[in-house]
Every structure is written in structure tokens, then in C-alpha cells.
Amino acid sequence: GTTIALFKIQDLKNALKYMHKANKAYPNNFKVLYLNSKLANDKAIVNLKTSIRQNPYYPGGWLDLTKKALDSGDKESAEEYINTAAFITKNSARYFYYKSLLNTEKQDYETAEKDIERAAELTKQQAQTGVDNEKI
């Protein structure tokens, strides 16, 4: 809770302090490993994969792996990760956003446009309702 709030307000110094405490108390917790992937870029993919092994139903891990694969130009892995995420969270704005990025990389612009429109709809819906479908 506290660490996530500090991430959101970009207070990384205090976030690191709380992450250090969390690492000591819960070194193998999937959520701690997931949050570590946000801090430690050199170990991000390892932490994400470890987090997913512990809780394969956590959509944030699959979506972050998709983003990392897209950033590195690995379309095959990105497609594998986004397809896995689809089983867990098909109503997430972030899912459709990353899917649109992947479809753009694959030069499937028609599908990418539909995906980004769906991401925009879900973002608007989330703002109106306060419900993040990725967390459901």
C-alpha cells in the first residue's frame, strides 16, 4: 500500500525505503517482486517472470512483460505475453493499449486503431466509475 502510493506520487526515495523493508520481510512475495521490477531495471524481467511464476493470474506482470518485450523489439515474446494477459484481463485499458502497440509493430493498423479506441473507451469508463478493470 504505502510503496504503491509513493510510486504514484513519484516519491522514489521513500518508495525505495519501503521496498527495502518489504524485501526483508517478504523476499519471495509476488507483489514485492512485481514492485521491484519497477525499480530495478537490470533485474526487471527476472523479477517479473518470478512474480508470474508465483501468481500467473496477476495481469500487471503479463502486461509489464509485454511492454518490456515491445520496448526491446521482441514482437514474438510481446505477442505471447499479451495473449496470456488476454485470458486474465480483457477489459483493461492498458491491455488494449499494449495490444495496439503490438498491432502497429505488426503493421496491422486497422486492428491497432480498434484497440486504441477500446483503450480510450475503457480509460474514460474508469475515470467515470473509479473502477480499474485490470484489478478485477
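Predicted model: local features only at pLDDT ≥ 70, side-chain atom pairs only at ≥ 80, totals over all residues.
The chain has 136 residues, and 38% of them count as buried. Among contacts with a separation of 6 or more, 43% are between residues 24 or more positions apart.

**How α4 and α5 pack**

- On the α4 side, the residues that touch are Ala44, Ile45, Leu48, Lys49 and Ile52, and they meet Gly61, Trp62, Asp64, Leu65 and Lys68 of α5.
- Sort the residues of this α4 and α5 contact by class and you get six nonpolar, one polar and three charged.

**How α7 and α8 pack**

- Next up are α7 and α8, which pack at an angle of about 160 degrees with their axes 8 Å apart.
- That angle makes α7 roughly antiparallel to α8.
- Here too you'll find a left-handed crossing, with α7 passing α8.
- From α7, the contact uses Ala93, Phe96, Tyr97, Lys99, Ser100, Asn103 and Thr104.
- From α8, it uses Tyr109, Thr111, Ala112, Asp115, Ile116, Arg118, Ala119, Leu122 and Thr123.
- By class, the contact of α7 with α8 has eight nonpolar, five polar and three charged residues.

- You can find Thr123 in helix α8, which covers residues 109-129.
- With 44% relative accessibility, Thr123 counts as partly exposed.
- A polar atom of the Thr123 side chain sits 2.8 Å from the backbone oxygen of Ala119.
- Thr123 and Ala93 are 30 residues apart along the chain, yet their C-alpha atoms are separated by 5.7 Å.

**Two buried residues**

- Thr66 is part of helix α5, and its relative accessible area is 0%, so it counts as buried.
- Set aside the neighbours within four places in sequence, and Thr66 is in contact with Ala78, Tyr81, Ile82 and Tyr98.
- Ser92 belongs to the loop between α6 (75-88) and α7 (93-105).
- Although it's in a loop, Ser92 is buried, with a relative accessible area of 1%.
- The Ser92 side chain reaches the backbone nitrogen of Arg94 at 3.2 Å.

- Most residues other than glycine have a negative phi.
- Gln107 isn't a glycine, but it has a positive phi of about 65 degrees.
- To spot Gln107, look in the loop between α7 and α8.
- Gln107 has a relative accessible area of 59%, so it counts as exposed.

Notes
Residues numbered from 1 in each chain as written. Heavy atoms only, no water. Contact = heavy atoms within 4.5 Å. Helix = DSSP H or I, 4+ residues; strand = E, 2+ residues; numbered from the N terminus. Nonpolar A, V, L, I, M, F, W, Y, C, P; charged D, E, K, R; others polar. Buried < 20%, exposed > 50% of the residue type's maximum accessible area, 1.4 Å probe, protein only. Polar contact = N/O pair within 3.5 Å; in protein donor to acceptor, adjacent residues only side chain to side chain. Axes fitted to C-alpha atoms, helices over the stretch in contact; angles between N-to-C directions. Parallel < 35°, antiparallel > 145°, perpendicular 65-115°, else oblique. Left-handed = near helix turned anticlockwise from the far one by under 90°.
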